Amino acid sequence: MEEVRLLKGNEAIALAAIRCGADGYFGYPITPQSEIMETLMAEKPWETTGMVCLQAESEVASIYMVFGGAACGKRVMTSSSSPGVSLMQEGISFLSGADLPALIVNVQRGGPGLGTIQPSQSDYFQATKGGGHGDYHLIVLAPYSVQEMADFVDLAFTLAFRYRMPAMILSDGMIGQMMEKVVLPPFKPRATDQEIEQSCPWALRGKAHSRGQRIASSLELDPAIMEKQNVERQERYALVQEREVRCEEYCCEDAEYLFVAFGSCARLCQKSVELLRAEGIKAGLLRPITLWPFPSRILERYASQVRRMLCVELNSGQMIEDVRLAVNGRVPVVHYGRMGGVVPTPEEIVEELKKSL
Amino acid sequence: MNNNIIAPENLVYQKSSLVKDNVMHYCPGCNHGTVHRMIAEVIEEMGMQDNTLCACPVGCAVFLYKYIDVDTVESAHGRAPAIATAMKRLHPDKLVFTYQGDGDLSAIGAGETLHACNRGENIAIIFINNAIYGMTGGQMSPSTLEGMKTSTCPYGRDVALNGYPMKIANVLAELEGTCYVTRQSVHTAAAVRKTKKAIRKAFENSMAGKGTSIVEIVAACNAGWKMSPHEAHLWLEENMFPFYQLGDIKDK
């Protein structure tokens, strides 16, 4: 039976993790996402599904606990907020280099530095362009509702395992803290050892002697082999870009003005579209759901249809670079952003669009 | 008397089936190879060859998986205890151990090591202390002795500048989570036998769920110390052992 609850975005992530057969969560407290670990510890999933939950001594330790679990083919995750995710970048690079699937949740707060605990989208570059050292990408999902916080956990794990790469849910303090009605996903059992052996023939299972040694490593000193590994990884990324782009087009068919926004900003822009349409201005919203792979081709189609695109972001203009690359100068693209934890109202966004008319 | 040395009845020693045939990259005179061999032997003698997970370090033992036939994670520098923590918690039935040097364990990985030990993770930590960063060319580590010359303290470790050599095993022994902390060496045949027993005990403790075991091996790095293997082992006895005294520090 469907279970409907009123939940914070952070709580939804935790409950969805238990329900989607996650094997482990390792984390370190940081505002505005601490409810994720708090909810897990209160739920005690180790007594029901057998999911391991552990409070680590740092974000660095958390991400390497995730590495250990991922190397064993387990569905493991961590969550943090911007400064903590910066600390994890070394480990995320190592996971990418070892081609391991994992889930990292970033409930962003304003920065740089210790910044603020209020919402922000200023980690877009870090999330979509790699983040740590080396050539790599994460699959980045941007939820714009509490429902999507719940739904994207299983999706992120599924994609991460399909392409053997880490996935990130890039949320923010607004989506993490706000409460909404959520239909919780149905319970899915954790993968059995046998299922892991079948679906993850690379997973460390401690059986080196009888079926050949398995190594989880990002190290290779021979440049020729290292290049080959990189080429293979980039080919996989190309597949992801071809197959896994997700976005939502809202009132776009006849739009003359297009908002491009993700996550919490997309939520605000949805309302702005309604306000503008009530005034007879044909506005639409294109909401990238996957920030990487970015919906460039879909955006490109609107370049010849709309008069102007307005990127609304809680930052100084990050996603706008990808939008401009997609439309390649064929349509003016302007930026409206707030920083430091300030969230604009739908009315302010409407005014900003009118300014550019 | 049958002089055929290949005849099975004349076999007195055989390498463990867990020791792989790859040529080791270790310098002649290095102690890593000896410790690797004992780990392989203990795993085989315990019948755990199909039930073991290893987290190897960054440092000279970075290629441990090329020499010991166990499923292995090549950790980031210092993070092996965090990796081993998750592997053991997700696979409580497996033997999980880390293999770390002094730079890895007591400098960059001090936090991960301390907290894994404090949680009493049921893992074994094999800790090679040669008072130097071997792989990167002989820099000072936390356990470099006072006055000892390295490439980053070419005039000898000055405690006013660099602080004091760290007896990390003694610190770890203070934690409730550790059940067995011992300091051994492999500079003589007798010492090798004692170290092997210590490794066995550490591995058995882990499987019995008694908490974290640490086997520190005070080792020579003749290449890094810029000595012949023989000189390095004499230096080890004369200088390292008085400060890093051998024997059990904790056995509960």
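**Close-up views of a two-chain predicted model**

**View 1. Ile215(A) meets its bridge partner in β2(B), Thr72(B).** This pair belongs to the link between strand β9 (residues 215-216) of chain A and β2(B), which run parallel and are joined by two bridges. Two strands count as paired if DSSP finds at least two bridges between them; strands (E, at least two residues) and helices (H or I, at least four) are DSSP runs, numbered from the N terminus. A handy note for all views: this is a predicted model, where local features need pLDDT of at least 70, side-chain atom pairs count only at pLDDT 80 or more, and totals for chains, interfaces and linings use all residues. Residues are numbered from 1 along each chain as its sequence is written, with chains lettered from A and ligands numbered from 1 in the order in which they are written.

**View 2. Here chain B touches chain A, with 29 residues of chain B in contact with 34 residues of chain A.** Contact is taken as C-beta atoms, placed from the backbone, within 7 Å. On the chain B side, β1 (52-56), β2 (71-74), α2 (80-90) and α4 (110-119) each give two or more residues. The largest share, eight residues, comes from α2(B).

**View 3. Within chain A, domain 1 (3-193) faces domain 2 (248-355), and 26 residues of domain 1 and 21 residues of domain 2 take part in the contact.** The bounds come from an automatic or database domain assignment. Between the C-alpha centres of the two domains there are 27 Å. On the domain 1 side, α6(A) gives the most, with four residues.

Technical notes: Two residues are in contact if their C-beta atoms, placed from the backbone, lie within 7 Å.
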